[in-house]
Amino acid sequence: MKLSVLRLAAVGLATACLAAPAMAFEPKQDVDMIVPSSAGGGTDLNARTIADIIKRDNLSPVNFQVINKPGGSGAVAFAYAATKSGDDHMLVPIAIGQIISSYALKWDVKGKDMTPIATVANDEFFLAAVKGRFKDAKEAIEAAKGGKITFGSSQKGNSDHLAYLLLNKYAKTNFRYVQFGGSGEVMSALLGGHVDVGLFNPSECIGQVRAGTVVPLASFSAKRMPGELWNQAPTLTELGYPQVIAAETRVVLGPPNMDKDAVAYYEGLLRKVTDTERWKTDYIARNNLTPMFLDSKETAENLAEVIDKRVPIFKEAGF
Amino acid sequence: MYDILALLAHGFAVALTPVNLMYATVGALMGLIVGAMPGIGSLAGVALLLPLTFRLEPTGAIIMLAALYYANMYGGSFSAILLNIPGDSPAVMTAVDGYKLTRAGKAGKALFTAIVASALGGTIGIVILTVMGPLLADVGLRFGPAEMAAVIIMAFTSIGWLLGENPAKGGLSTCLGLMLACVGVDLARGTSRFSFGMPDLMSGISFVPLVIGMFGFSQVMILLKDFRGKGTDQGLAALPAEKLSIRGSLLTGPEFRRILPVVGKSGLLGTFIGVLPGAGATMSAFLCYILEKRTGRNGAQMGEGAIEGVAAPEAGNNAAAAGTFAPLLSLGIPGGGTTAVLLGGLMMWGLTPGPLLFSEKPEFCWGLIASMYVGNIICVAVAIALIPFVTNILRVPVRIIAPAITVVCVVGSYSVDNSYFDILVMLAAGLVGFFLTQFDYPTAPLLLAFVLAPILERSANSAFEISGGSVDIFYQSPIALGFLLVIVAICVSPLAMRAVRRVRRAGRVNG
């Protein structure tokens, strides 16, 4: 997310040229896509879209089948992947929040044990409030220093929680974290006046934002999100808190110790998938995501940055 | 009012086109099947079908998926009544009286009651949705964490009425449910508790394998025990027989009059619970059953095989299924798991769920609402036609039906999360359920506690996070305060009544 679009494009072009020579690896059997959540969620949709595009555009000689292994908010899928160390016919599409959880919640198998393959999309975070509650983000941040402003979100030890901790630390606010069972419940509580602000992905609040009932106050990304609904909201970087960066990046991992050639193969395949028109219109645009592609090396760097620089904040917060 | 009728008429024009009628029928059929199969509930059914609908026109797609959702509530009662295995969690309460009716040779009657109650309860829900959907959604918003916590505490207080003849045994069973619900994520820390280092237990024990085991697998053991050494093996039909035909299943006039008030009450309560954030059809079925047991004329018979015990939860869960569409359509907020998946579907079909949906896509919203009226009629027709066929399952010899149910139990628990661990949960729950039943411990309070405890914990936790740890939040909210007063009344009224009776008796003796 810190990478500028230009640099991204340049890197993309360069690797596209490098990736041109014939691959040393070809899958010999069907590839399992282990989704660490139930059918119907965001990661499930991501995996099914990838599998569907590969099949319909004939991008691979084998089938990619989606298998849901929910449980432990991802720990079950990680534990399963760890038993398949070195398996070159298995992918784990995942949200970065679950990788963060593997550290914050101290799972046995952690994010760095897995093999990074690619980053395929970015789901941004917005701080939002009911229209008229706050004039702008600055007012909300000022008000939150008094310790009475509540911050609605779901779960603990994930990327929502990380965004909250970063905001409280660097903007010196004292928001009260209130966790709910899911973003729908957060929106209910926000509209019902039970919490003051909430953390949402664009797709979780677009209906309210379009109706004007909820206003996105600030974005947790490095750059403003395009589109007239979102580009009015300043980034927290603009507001003077460049350390406050968080998003629900969508990553594809392999099991531990995946073969280098296999990684290169899947990385190239995913690049082709994310280049298709269907991916851009039916997946990215409809779900209000931001296009993003990072190859295995960049994904590894990005994960290392999040894990080494931002995740320690959980410990600081006494978590 | 006239506006609504005009819009609804427009909706019927959409819903009654041949292609949309076909979608509703296909959805209803699939819902009945999915509902009757233990393990696969409406959530999994809708989630699996959703990707196939992305290329359909949105109105047709939602009509089909919504039909699948509410038809599921009908289907779930089939296996609950015939085999004591709820096909889906909202049918858990239906099994209690429904299966007792089957054992008394009244399977057809129980099925017919379930279908009629489902249809009427569902229709009440849809009428309320039609007339005051947006208003209802606003009422739902007033229920924040503190209010939800108060509602659940009230539900817990009323578990007492489910305990049966031996309150001590019922209480133990409730506690067992609470203990099982404690396994999983500790909300305050986000880490797991009582998981003993097993990743499979980190997010808790899954509800579906637990239900399948408690009811289904334990049922296999009970069947084998009951029918062993009887010589002839004619299946469950060896029980006092009735004519398993449509005619024999029809409700008589007096019976119909018995369930009408039940359906009315449950329909209203169920719709309301469906609207609440985080509650759903399962909770609705439980609460409607309890309400009827407490306030119904035939409450004392419930639990022993009364048609009211089938009508209340079935009307309640269908009404709740309709109720969840109020916040979904008018606010874009899902009330439960299945509607959350539908919400994802709306976006994939290129719609933006939210307050503008009704004005921007009236044909979609009103087409869906109108199709729910039509879909309910389709469900009733298909379900009633199925009665003579499904009741044949009672004639299957136990030596065939027992292994068949076992296979369904194993496959059903595995298929929820593709987890072998869930099969072990199912087997363990089956053993526990078998012994509980053998020693007259009721299993319904266990499951109710298991369903309610996590919602209570989450709501109470959020409420305390909002208030910064102060209990003020519970009595400063008028709604929460109201529910808490009701709880006090529930607890105090038996004591007060006893005291009044004693004073009166004393007065009579003295005077």
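Because the model is predicted, local features are given only at pLDDT of at least 70 and side-chain atom pairs only at pLDDT 80 or more, while totals for chains, interfaces and linings use all residues. Residues are numbered from 1 along each chain as its sequence is written, and chains are lettered from A and ligands numbered from 1 in the order in which they are written.

Chain A is divided into domain 1 (30-122 + 249-316) and domain 2 (126-219), with bounds that come from an automatic or database domain assignment. The C-alpha centres of these two domains of chain A lie 27 Å apart. Between them, 11 residues of domain 1 are in contact with 10 residues of domain 2, where contact is counted if C-beta atoms, placed from the backbone, lie within 7 Å. On the domain 1 side, α4 and α12 (312-316) of chain A each supply at least two residues; helices here are DSSP runs of H or I with at least four residues, strands are runs of E with at least two, and both are numbered from the N terminus. α4(A) gives the most to that side, with five residues. By class, the domain 1 side has six nonpolar, four polar and one charged residues. In this classification Ala, Val, Leu, Ile, Met, Phe, Trp, Tyr, Cys and Pro count as nonpolar, Asp, Glu, Lys and Arg as charged, and the others, Gly among them, as polar.

The loop between α4 (96-104) and β4 (115-124) of chain A holds Lys106(A). Lys106(A) has a positive phi of about 55° although it is not a glycine. With 13 other C-beta atoms within 10 Å, Lys106(A) is partly exposed; a residue is buried at 20 or more such neighbours, exposed at 12 or fewer, and partly exposed in between, with C-beta atoms placed from the backbone.

Among the buried residues of α7(A) are Glu185(A), Met187(A) and Leu191(A). After α7(A) comes Gly193(A), with a positive phi near 80°.

The largest nonpolar core has 266 residues. Such a core is a set of buried Ala, Val, Leu, Ile, Met, Phe, Trp, Tyr and Cys residues joined through C-beta atoms within 7 Å. Ala128(A), Leu217(A), Val46(B), Leu65(B), Leu68(B) and Ile81(B) touch the most other members. Helix α4 (residues 58-83) of chain B gives the most to this core, with 18 residues. Domain 1 and domain 2 of chain A both give residues to the core, so it lies between them. Not counting residues up to four places away in sequence, Leu65(B) touches Gly27(B), Val46(B), Leu49(B), Leu50(B), Thr53(B), Leu342(B) and Gly345(B).

Elsewhere in chain B, the axes of helix α1 (residues 2-15) and helix α17 (residues 362-390) come within 7 Å and cross at roughly 75°. The axes are lines fitted to C-alpha atoms over the stretch in contact, and angles run from 0 to 180 degrees between N-to-C directions. α1(B) and α17(B) are therefore roughly perpendicular to each other, a term for angles of 65 to 115 degrees; under 35 counts as roughly parallel, over 145 as roughly antiparallel and the rest as oblique. Among the residues that meet here are Leu7(B), Phe12(B) and Val14(B) in α1(B), and Trp366(B), Ile369(B) and Val374(B) in α17(B). This contact has 10 nonpolar, four polar and one charged residues.

Ile153(B) lies in helix α7 (residues 145-158) of chain B and counts as buried, with 20 C-beta neighbours inside 10 Å. Ile153(B) touches Leu456(B) and Ile487(B), not counting residues up to four places away in sequence. The C-alpha atoms of Ile153(B) and Ile487(B) are separated by 7.8 Å, with the two residues 334 residues apart along the chain.

Methods
Two residues are in contact if their C-beta atoms, placed from the backbone, lie within 7 Å.
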